[in-house]
Amino acid sequence: MHFVDAKGILTAHNGNAGMNIYRGCTHGCIYCDSRSKCYQFTHPFEDIEVKQNAPQLLEAALKSKRKKCMIGTGAMSDPYMHCEEQLGLTRKCLEIISRYEFGLAIQTKSDRILRDIDLLDEINKKAKCVVEMTLTTYDDELCSIIEPNVCNTKRRIEVLEKMQERGIPTVVWLTPLLPFINDTVENVSAILNECVRVGVKGVICFGMGVTLREGDREYYYEALDKHFPGLKDKYIRTYGNSYDVASPRSKELWAVFNRICKEGGMLHRPDECFEYMNDLPEKYQQMNLFNL
Ligand code: SF4
């Protein structure tokens, strides 16, 4: 990893704010879009760029904000990858969010988030905290191939359960479904049934498939050659260079998705999930001058 002083930390996003403390990721997911060439990495993806001044920048930004909002993190790089254990920058940023009583929507695949559960609970009590967890495969062995450096789905479900016990709302990203790998009715049903069981508020799924583009595609194909011999040629024959790589079982999978989500009372349209995650109730939006 290497350290930089960033110029800013928050980006505007639909009336709310997004932040990435790290750049790059060590979780090693074979399909990771964040390693695509369009993001213009000037260093190897696993050589994490650490924005060492993130807490100071965040504090200055929150101090100057006139209205409270939800702060999103985890979209481009996991806030709980390995280096967070020693660096604790995500934790420092959460402490600031809690102190200034902003809301938080935090996305991860890692059970390291449990280290900060008290802080998440505190943020949820003062304002609002939504924990977003990505789940792709219920099969542990497959999980260790497609997401090799992070805890498996069963452990992630335990994390969701622990959040639920604290009353911290959760949202699951069901993505990607890799054609001919995890795009089965059994897999989607098993994941969604677990989501219902542990009281997940909403499930985000943009499509029953994966997206591939330059940088990401090459890495993915190398992994296919290593773990699924012959599958790369099938992808090339079926999808060519297309960005959208939809499962041939999409229709069937959507039917299962809609049925289980509806029956289980989970939000399942992306717009309603985002509306839920972006909404900081009015009563929390006013700045409490005595806290600043
Ligand atoms: S956790 Fe997210 S950012 Fe990290 S490798 Fe996996 S998909 Fe990429």
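Tutor: What follows takes the helices one by one and then turns to the backbone of some loops.

The model is predicted, so local features are given only where pLDDT is at least 70, side-chain atom pairs count only at pLDDT 80 or more, and totals for chains, interfaces and linings use all residues. Numbering starts from 1 along each chain as its sequence is written. Helices (DSSP runs of H or I, at least four residues) and strands (runs of E, at least two) are numbered from the N terminus.

Start with helix 8, residues 216-227. Its 12 residues should span 16 Å at 1.5 Å a residue, and the end C-alpha atoms lie 17 Å apart, which agrees. The expected span here is 1.5 Å times one less than the number of residues. The buried residues of helix 8 are Asp 216, Arg 217, Tyr 220 and Leu 224. They sit on the same side of helix 8, because they cover an arc of only 90 degrees around the axis. The arc is taken over the directions from the helix axis to the C-beta atoms. A residue is called buried if 20 or more other C-beta atoms, placed from the backbone, lie within 10 Å of its own, exposed if 12 or fewer do, and partly exposed in between. On the other side of helix 8, Glu 222 and Lys 226 are exposed. The buried residues of helix 8 pack against helix 9 (231-239), where contact requires C-beta atoms, placed from the backbone, within 7 Å.

Helix 1, residues 54-64, can be read in the same terms. Ala 54, Pro 55, Leu 57, Leu 58 and Leu 62 are its buried residues. Viewed down the axis of helix 1, they fall within an arc of 160 degrees, so they line one face. Lys 63 and Ser 64 are exposed on the face turned away from that buried side. The partners of the buried residues of helix 1 are strand 3 (16-19), strand 5 and helix 3.

Next comes a pair of helices. Helix 7 (residues 185-197) packs with helix 10 (residues 250-264) at an angle of about 15 degrees, the axes being 10 Å apart. Helix 7 is therefore roughly parallel to helix 10. Among the residues making the contact are Val 188, Leu 192 and Val 196 of helix 7 and Leu 253, Val 256 and Ile 260 of helix 10. For such a pair, axes are lines fitted to C-alpha atoms over the stretch in contact, with angles from 0 to 180 degrees between N-to-C directions. Angles under 35 degrees count as roughly parallel, over 145 as roughly antiparallel, 65 to 115 as roughly perpendicular and the rest as oblique.

Now the loops. Most residues other than glycine have a negative phi, and most peptide bonds are trans. The bond from Thr 175 to Pro 176 is cis, with omega near 0 degrees. Pro 176 is placed in the loop between strand 9 (170-174) and helix 7. Gln 40 is not a glycine, yet has a positive phi of about 55 degrees. Its loop runs between strand 4 (22-23) and strand 5 (49-51). With 7 other C-beta atoms within 10 Å, Gln 40 is exposed. Glu 101 also has a positive phi, near 60 degrees, and lies in the loop between helix 3 (89-99) and strand 7 (103-108). Glu 101 counts as partly exposed, with 17 C-beta neighbours inside 10 Å.

Terms used. Two residues are in contact if their C-beta atoms, placed from the backbone, lie within 7 Å.
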